[in-house]
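The points may be read alongside the sequence and the coordinates.

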There are 2 protein chains.
Amino acid sequence: MSAIRHALTTKREDDFAAWYQEVISAADLAEESGVRGCMVIKPWGYGIWERIQRLMDDRIKAAGVQNCYFPIFIPLGNFTREAEHVEGFAKEMAVVTHHRLIADGKGGLIPDPEARLEEPLVVRPTSETIIGDAMARWIQSWRDLPLLTNQWANVVRWEMRTRMFLRTSEFLWQEGHTAHATREDALAETHRALEMYRACAEEDLALPVIAGEKPENERFPGAVETWSIEAMMQDGKALQAGTSHYLGTNFAHAAGIQYQDKEGGQQYCHTTSWGVSTRLIGGIIMVHGDDDGLRVPPAIAPHQIVIIPMLREAPEDAALLAYCDELKQMLLRETALGEKLRVLLDSTPGKAAAKRWDWVRKGAPIIVEVGPRDMADGKVAVLQRVSLWNVENGKPAFQFLGREDFAGQAGQMLEYTQQALYNEARERRDANITRGITSMDVVADHFADGVKYPGWVEVQWSKPTGAALDKVVEQLKALKLTIRNVPLGGAPADGACIFTGDAAVERIFLARAY
Amino acid sequence: MSAIRHALTTKREDDFAAWYQEVISAADLAEESGVRGCMVIKPWGYGIWERIQRLMDDRIKAAGVQNCYFPIFIPLGNFTREAEHVEGFAKEMAVVTHHRLIADGKGGLIPDPEARLEEPLVVRPTSETIIGDAMARWIQSWRDLPLLTNQWANVVRWEMRTRMFLRTSEFLWQEGHTAHATREDALAETHRALEMYRACAEEDLALPVIAGEKPENERFPGAVETWSIEAMMQDGKALQAGTSHYLGTNFAHAAGIQYQDKEGGQQYCHTTSWGVSTRLIGGIIMVHGDDDGLRVPPAIAPHQIVIIPMLREAPEDAALLAYCDELKQMLLRETALGEKLRVLLDSTPGKAAAKRWDWVRKGAPIIVEVGPRDMADGKVAVLQRVSLWNVENGKPAFQFLGREDFAGQAGQMLEYTQQALYNEARERRDANITRGITSMDVVADHFADGVKYPGWVEVQWSKPTGAALDKVVEQLKALKLTIRNVPLGGAPADGACIFTGDAAVERIFLARAY
Ligand SMILES: [Zn+2]
Ligand SMILES: [Zn+2]
């Protein structure tokens, strides 16, 4: 066994936060823009987002939800109205107050005092209120229900401390907003969206998640129920990866979303909203990344296979390029995961080995190197990102395959990779969930400062509310813990509440979280 | 011949502007949002935009351009810098000055005076400067060139008078930004993008366009050359439907975009930018719409075929729905224009005739009605949107076809529709271009107030610059005319300049414009 020289300088176990930043930079996913809290998403990062969008959008459309586009600006008055209905109204937002710049006479520009807006506009932090206004216009009768809308958009929430993909002032997301005649219909939609998120996370992103209901204190302001999918990162922390809210008639009251029922009576609609964001990319990094960089699940990899010819800036290059292009054409006829393969022939200038490591750090699922000798033998050298190293000799684990053989197997290799990434994450998560703890002292020990990656613990509770819940939240906060969710389909409670000693009614996950 | 009762209340020839608004509302494309200058794009309008995006994005990616995402906010300082380099700097922008709302003590909210930004942020009107900053970071050597980026985004330009799709404060677009080592490379990219726009407009949107160079006075501020595609609306006015700019080294100077050449010297990059926007949808309406509503070219129709079962809220409905669903499944196996058919089975509540007219107004290319009698005969009633009326009897021109026969022909029908829409627009445009006018008096008569749809005139000019051009522009302005462009591949000049009497050097189009 030889020592492996990994492609990153920071190892996960040495400094997980620094490792995360290094992956983003080494995989060329995104960078600071110089604009407070806003990032530039670079081609490889944006390509992953485009894949997530495509797969999620297919699921959204298959459910009969229609995409729309709503204004980026929301009049201040909408928030006043919402603030009345919603406790815990968030106030950190970007506020537009002027519509013109003029010269300040000193070589600079300033907002023109003559062009002050009568009513300031807020850059949307979410579109509940403006979509609520539209729903109030669009819905007259029970025949107009359900109304199922979604938009893909940028939103802005002013953040003081930002971390790329996880918490940025501007981020990209989709927000579904639906209106229904009854509580039952709205709850069914809330669960449909939740299940859609679970399936997309697990099948497309290879992220094992736990779907469940958030406790009262973690609900979206104005929601009656908030559900989430929660994923475990490699440092054992939880990431809320998507949420689905049943809003009751609260937003319908605020915006006047009413319908005439079959008997001619006026009723308030029951509404839902649900969203996922570019935050998912942070989750993919922290679940699938390793000490050599990112590993992108094939379903969302912009390029699944990268072919690197070993060019010498010599006349022989032409034949080698032709050989590689033939391989590319063979691969383009193959499928994996229900889609045609996505293949890049990387013939940019530069040394093949340097390019190989770039693609390793970016996490392309399969890298194929082809030199003149491979060509002469009718072969190619194949490196699978999920089994990068030969642990015997500490070298990259190239497989030398006949070109046609590889083309025939490539689809299967990608499907194997997709499954392998999921399985690895699933096993790690399950191994890092501790069950059966019945006292908060043991919880405190479990999450003591010296313990590195304590993971999640599942405990039983009596679901206290109000002041009793506040006490629980305080107690957890002292341990830097939060309640993640009450898992759907979890085992029934059979013991005492870890907080109150009363009979428990359900099981919950406690964890540190992003 | 019987009188046809058209589906819209306003006819194009009676009031084109009112007709345009009626189409937007009758086809359910978009509506006013209540937020100044911003529109809500509704499902059918947004679905058309998604189709345009998909087809354009495929063309963009095929050219090796990579999508990124850049911040929505641009620091004020970037505009100061740009204002120095760019005359005619546009100043109407949305300016963010605060990052928090607080209660005003009177039940309302106000921007928190404590949360004033040190440097105001501008909501991007275009991203030249922020992408220029990124290019300056990303480009070091000639090996990094060309750098080919694009983003799909929302942008904001404060507009005093707005018109849906044509001029709104917020709109959606793509903006390509590229950097090159040489003038020649940048010019080649400028032309590649222009040709991509021409092809997408003509092949996908069925919009005949004239690609050409804008005159000096119509250049994008800071551009060395601005090229456009221009389409003729049914009122004879021109719509600039896309632009491609060669920016020389102006933006490279402003942002410091430099590269080391092969000899080790530092050089400024030559940059380009190019964009199309939701304005294209305005063009589609004004080129393809008729007195019955919109007609959507099949390549960009969200649903190409809509099947309407004549339901009676009775037990027999089940068999009819099954018959229609079988048709849908047959159609989904067919292709047109290189893609699988997009088919909707519209089983929403409501009378079939009302639904038919909704889809006529929306402009679905083919509408299929199926009643119990059709089912018994194994038939369907097919209505093609491009040949809606039987002019003999003034009734909808249904064709009764065997279900299987129709399924087998549907792809061809759609391809015929695509071509028919293009041909009709092309013939109308060509018939409304007047050539051979050699005096401005004749031009003035041609565009006199009583003349309804004067179209475009092609004249010859000596390409004056500076003050001489200003005079020409003034003269045209008095006639409400603008120079549209100098067509690529236009016939050579062979006469005198219509403005100066000097020898002409090229031909230009004069028109009224949106
Ligand atoms: Zn209320
Ligand atoms: Zn300069």
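1. In this predicted model, helix H1 (residues 16-26) of chain A and helix H7 (residues 279-288) of chain A have axes that come within 10 Å and cross at roughly 115°. Angles of 65 to 115 degrees count as roughly perpendicular, and H1(A) and H7(A) are therefore described as roughly perpendicular to each other. The crossing of H1(A) past H7(A) is right-handed. On the H1(A) side, the contact is made by Phe16(A), Trp19(A), Tyr20(A), Val23(A) and Ile24(A); H7(A) contributes Gly282(A), Ile285(A) and Met286(A).

2. Helix H8 (residues 317-332) of chain A has 16 residues, which at 1.5 Å a residue should span 22 Å. The C-alpha atoms at the ends of H8(A) are 22 Å apart, in agreement with that expectation.

3. Which residues of H8(A) are buried? They are Asp317(A), Leu320(A), Tyr323(A), Cys324(A), Leu327(A), Met330(A) and Leu331(A). These residues cover an arc of only 150° around the axis, which puts them on the same side of H8(A). As a general point, an α-helix has 3.6 residues a turn, so residues three or four places apart point the same way.

4. The buried residues of H8(A) pack against several elements of chain A. The strands among these partners are E17 (305-309), E20 (343-345), E21 (366-370) and E22 (379-384). The helices are H10 (372-377) and H11 (403-431).

5. A cis peptide bond joins Leu145(A) and Pro146(A), with omega about -5°. Pro146(A) is found in the loop between helix H4 (128-138) and strand E9 (147-156) of chain A. In chain B, a cis peptide bond joins Leu145(B) and Pro146(B), and omega is about -5°. Pro146(B) lies in the loop between helix H4 (128-138) and strand E9 (147-156) of chain B.

6. Lys480(A) is not a glycine, yet has a positive phi of about 60°. The loop that holds Lys480(A) runs between helix H13 (466-478) and strand E28 (482-483) of chain A. Is Lys480(A) buried or exposed? With a relative accessible area of 57%, Lys480(A) is exposed, because the cut-off for that class is over 50%.

7. Leu337(B), although not a glycine, has a positive phi of about 55°. Leu337(B) is placed in the loop between strand E18 (335-336) and strand E19 (339-340) of chain B. The relative accessibility of Leu337(B) is 33%, so Leu337(B) counts as partly exposed.

Conventions:
Residues are numbered from 1 along each chain as its sequence is written. Chains are lettered from A and ligands numbered from 1 in the order in which they are written. This is a predicted model: local features need pLDDT of at least 70, side-chain atom pairs count only at pLDDT 80 or more; totals for chains, interfaces and linings use all residues. Side-chain values use heavy atoms; hydrogens and water are left out. Helices (H or I, at least four residues) and strands (E, at least two) are DSSP runs, numbered from the N terminus. The expected span of a helix is 1.5 Å times one less than its number of residues. Buried means under 20% relative accessible area, exposed over 50%, partly exposed in between (1.4 Å probe, protein chains only). The arc is that of the directions from the helix axis to the C-beta atoms. Contact means heavy atoms within 4.5 Å. Axes are lines fitted to C-alpha atoms, for helices over the stretch in contact, and angles run from 0 to 180 degrees between N-to-C directions. Angles under 35 degrees count as roughly parallel, over 145 as roughly antiparallel, 65 to 115 as roughly perpendicular and the rest as oblique. A crossing is left-handed if the near helix is turned anticlockwise from the far one by less than a right angle, and right-handed if clockwise.
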